[in-house]
Amino acid sequence: MKGRIQWTSQVRRNYDLYLLLIPGLVFLAIFKYTPIYGLVIAFQEFNIFKGIGGSEWVGFKQFERLFSSDDFGRVMTNTLLISLYKIVILFPIPIALAIFLNEVGKMWFKRTVQTIIYLPHFLSWVIIAGLFVNIMSPSNGIVNNMIEFFGGEPINFFMDNDYFRSVIVATAGWKEAGWNAIIFIAAIAGLDPELYEASKLDGASRIQQIFTITLPGIASTIVLMFILRIGHVLEAGTEQILLLYNPTVYETGDVIGTYIYRMGLTSMEYSFSTAVGLFESVIGFFLVIGGNWMAKRVTGKSIW
Amino acid sequence: MSRKKGLAALLVLLLSFATILAACGGNNKDAGGNSGASPASPSASAKAPESSAAAPEEKPVLKALRNYMQDDYNSYPVNQYIQEKTGYTVRNDMLPQEKPGDKLNLIMASGADYDFIDAMNTQDFFNFAKNGALTDLTPLIEQFGPNIKQALSPESLAGATVDGKIYGIPTLNVSYVRDGLLIRTDWLDKVGKAMPKTLDEFVDVLKAFKEQDPGGNGKNNIPFTIDSIGLVDNIMGAFGIYGQWNELDGKPVNVSSHPALKDYASFVRSLYEQGLLDKEFATNKSATSAEKFTSGRAGVIWARWSSIPGYDEAIKKNVPDAAYQFIPPMTGPDGQSGFTQIGGFNKITFVPKSAKHPEDVVKMVNAMLDPETFKGIFVGEEGVTYTLENGNYMPIEPAFFEQRGSANNFVIGMDEANFVTYWQARLQKSKAMFDNFQLVNNIPKEQIHQDVLAFAPYLPKYSANGAKLDSAVNDYLIKMIVDGVSDDSIASLQKAWNGAGGEEVAQEVSVWYASK
Amino acid sequence: MEHSIKRPWSEKIYIGAVYVILIGSGILCLFPFLNVLAKSLSANWAIISGKVGLLPVAFTMENVMFVLRDRLFQNAFLISVFVTVVGSLGAVLFTAVSAYPLSKKHLPGIKFILLLYIFTMLFNGGLVPTYLLIKNLHLMDNLASLILPALINVFNLLLMKNYYESLPESLEESAKLDGASNLRIVLSIVIPISAPVFATISLFYAVYFWSNWFHPMLYLNDPSLKPLQLYLRDIILQASDENLLNQDIDALLNLSPEGIRNATIIVSTIPILLVYPMLQKYFIKGILIGSVKG
């Protein structure tokens, strides 16, 4: 009884806050939840001319088609490996970049570097792929020229299964690190400068300040970004890999996205592509929920 | 009080933003639709509606959905020309460059208000016809289409016929050999070799290119470069392979089960092993191989003649006395040789069931296929865009390429007796291109092998799986060339091909072929 | 004594390392852009034969001028500017307003609504139903089809919510004691000290609206409504290997030269690159929090 009174009085006292929710909820209802019925075509043999009502129901056939293909094991392993490497290796880099930029006193330098490192985000993989093939070419690419200069053997990065995943991770990091740093730069900008002043008076070094002020201060942003990142673990970078791989490295580089693309399953195979998407979403959803729960336990921060 | 006001104001602001936006956008569109053309082409659009309104017999503005091209359809000179000659104003929308079939499918399934639509992929067209989404044009062509019946051969019209009804107007492609191997003839001279006539001589030449380094490239010397492809024209012809589908003993056989596949793959593999074939070819984009050739580092390149104008300028700048040409068909171990000729329909133009003016579409197409009008659409006017020299149509630059360079996107159906002659004017853009076109196309008939599936009717299995099967063959071949060819690797190619739906496709294709 | 000498030394090394890392990353990131820029200013033959590195070869302004003079380009440019400006303003407004109540997690029902949002980050109805929705709302061939469905990006919403949560509660508490309404607190206290996050999501929205080619490709058929990034994508993909294999020769004969392709990339990317430097002054540490508190 008491809880209920509190509940209603809370709502009444903050009714204006609830009203502010309305535009967002209307938006969600129209643009996000109206089309969601489309997920059912994952369980159909959807014919666009007949619509959902007229299409045949096939249960889990589309999912079976995905799981039972010969290459599914290989493709799944590659997807998870590349994705995990990308998370483990690439997730901390933007945070480090933001912290380093925060150490820089000269404003012009800071701004220039910030602007430059986010440039690669704006060039599409179509353009960048060609550039990388050139600079990493074993015959006359600059990377291999350097390797040879230091007495090494040239490496055919894009045709060598030992190196291909590393190349994928490195190029992705190069392209997005500066862009992803923006969020952390902004988070650091939101910290209270008095905290730094106070700790300086306490005799803390700048390196100590990173661990006592900066990182705790942006922890909730880090947690948010991390949870959202692991929700996309099954998207290992389809567009990037499609443009960088070739048949000699399918063994290590072929991921779910590239596989279904090559099998011609992205064009007009509405049911199949919905099924694959649904599979990715369900896994992602559980990871996000689990991640949020873990984060709450370990760090005390969480999205909800 | 003030609290409520502020809140109300904020909500009203958000709401009005959304509605105004929707309304504005709507007006935008109406304005565009009424004037009959884009804001980008005000001059082109203004005259049409008023003038036709005054005419006694009012002709409707036809709304068309076209294939991607870089120029603006609505302000392109051909669109005006068609309006002058046929009296029909066409307002063109355009499909995207990327996966146009996907978008077309969505448009057709959700009810299109277009009067006519160009389908680049003929299989899409058949799919729409089967799903009852198209207007039967048979009676309209009978009544209003004498020129259509005159210009198009019965075979062509049969290609757009489903269950005895003509559902579209097919536009024929020029049939030609497109790809070949360009060789540096100045390198041949330097190493003292003649143009290779057999594969053995070819290997001999490549070895000389490798050892004697006629370009002076040192470690960057590449005797032979190709894109990331498995089937190399001219070489595969020497093994009796002419593309993905081949006619063997009167039956269509996919390359994956072609008896000569292993010998072919082993041959290319041996080139790779000996360092004669570019060791990075698997990672080559077409720009990469072009770079190697035009900078003077490669002696032989797999290329299509349409690339020649660009290559020509670049290589002459880098190596002023460079000379090159396509290698004529080389003979293989069993005396076979030849090229693959591609062809078929460029597009099929159809009228959706929901279209409002099917009769007018047929009337317009009929007027466009009047021989003189067709010529005007396709090559323009003598003395303005072209001149006639010994029966050859020579373009006047730059007028021809500015006014008629994209004319092929506008034509609906070809004047099949004449269009190949007209079309060659496009090749005269570059003498090097024209000469090399002749080199691979003016060869004995028995060396030209038509693509088996060029004029295939609706083959649902093939249409769903064909592209994937082709790329599977390509992928496995590339892997074999790099890693080695064995009975096992050939078997795994066949297994993968069958597993990807190849068996069903092969059956479908042979049933159709037998019934031909 | 020794102790106090040592500390600055280790700090100097640390700061030195920071500069080296930042300069190194800067050089790595600048290289490809300079390459595209150099190509846009070079003659076609030099690009084809791979002669262009970081500096133009056979310098020419022709490519850039050709693109700038192209009517289709100009039209696409204006469309993009319109969509980006209107879209970003609307989206920032919608997101900022919707995120504030979500930051009050203790209020009943808020967590549920938050989950409703997060659910849509992972699940969506897919291509066909979304297309039909836009069609049924009569937004086809209408620029609103690019803006309305993008008014709230859940990721940006969460960023915003996260930032609101991080604000010291004392700020709002004291205002509440003075009898200010929630709305008043948002407008007069929260928004003014939220410059960094506003700058961030403005940037994200602007970049989203500018770069979006997929929805224009689906929802616009009228070529005169085509925004810049779709125009650019069409031109770039023309020369992609997949297209070269599939296209008919007439289209290949009309391919635009490399120099023009690169010039198109440059002139359609530079405008959006300028947004970040413009917003950077709001990324300066604590500038506003400090002032409000002081």
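How does the radius of gyration of chain A compare with that of a compact globule of 304 residues? In this predicted model, chain A has a radius of gyration of 24 Å, whereas a compact globule of 304 residues would have one near 19 Å. The box filled by the C-alpha atoms of chain A, taken along the principal axes, is roughly 70 × 60 × 30 Å. The secondary structure of chain A consists of 16 helices and two strands. Of its 304 residues, 39% count as buried. When contacts in chain A between residues at least 6 apart in sequence are considered, 67% of them join residues at least 24 apart.

Chain C is in contact with chain A, and this contact takes 76 residues from chain C and 72 residues from chain A. On the chain C side, helix H1 (residues 2–40) provides the largest share, 16 residues. The side of chain C that touches chain A comprises 50 nonpolar, 19 polar and seven charged residues.

Chain C also touches chain B. Here the contact takes 45 residues from chain C and 51 residues from chain B. The largest share of the chain C side, eight residues, comes from helix H4 (residues 71–102) of chain C. By class, the side of chain C that touches chain B divides into 23 nonpolar, twelve polar and ten charged residues.

Helix H4 of chain C also contains C:Leu72. With 19 other C-beta atoms within 10 Å, C:Leu72 is partly exposed, because a residue counts as buried if 20 or more such atoms lie within that distance. In sequence, C:Leu72 and C:Ser224 are 152 residues apart, yet their C-alpha atoms are 7.7 Å apart in space.

Chain B is divided into two domains, each assigned two sequence segments: domain 1 (58–175 + 344–417) and domain 2 (177–342 + 430–515). The C-alpha centres of domain 1 of chain B and domain 2 of chain B lie 33 Å apart. Between these domains, six residues of domain 1 of chain B are in contact with six residues of domain 2 of chain B. The domain 1 side of this contact has one nonpolar, four polar and one charged residues.

Strand pairing in chain B involves strand E14 (residues 339–342) with two partners. Strand E7 (residues 176–177) of chain B runs antiparallel to strand E14 of chain B, and two bridges join them. Within this pairing, B:Tyr176 stands opposite B:Ile342. Strand E18 (residues 448–450) of chain B, in turn, runs parallel to strand E14 of chain B and is joined to it by three bridges. In this second pairing, B:Phe339 has B:Ile448 as its bridge partner. In a regular strand, the side chains alternate between the two faces of the sheet.

The largest nonpolar core of the model holds 229 residues. The members that touch the most other members are A:Phe184, A:Ile185, A:Ala186, B:Tyr264, B:Val268, C:Ile147 and C:Met160. Helix H10 (residues 164–189) of chain A contributes the largest share of this core, 15 residues.

Methods:
Residues are numbered from 1 along each chain as its sequence is written. Chains are lettered from A and ligands numbered from 1 in the order in which they are written. This is a predicted model: local features need pLDDT of at least 70, side-chain atom pairs count only at pLDDT 80 or more; totals for chains, interfaces and linings use all residues. Helices (H or I, at least four residues) and strands (E, at least two) are DSSP runs, numbered from the N terminus. The radius of gyration is taken over C-alpha atoms; the globule rule is 2.2 Å times the number of residues to the power 0.38. A residue is buried if 20 or more other C-beta atoms lie within 10 Å of its own, exposed if 12 or fewer, and partly exposed in between; C-beta atoms are placed from the backbone. Two residues are in contact if their C-beta atoms, placed from the backbone, lie within 7 Å. Ala, Val, Leu, Ile, Met, Phe, Trp, Tyr, Cys and Pro count as nonpolar, Asp, Glu, Lys and Arg as charged, and the others, Gly among them, as polar. Domain bounds come from an automatic or database domain assignment. Two strands pair if DSSP finds at least two bridges between them. A nonpolar core is a set of buried Ala, Val, Leu, Ile, Met, Phe, Trp, Tyr and Cys residues joined through C-beta atoms within 7 Å.
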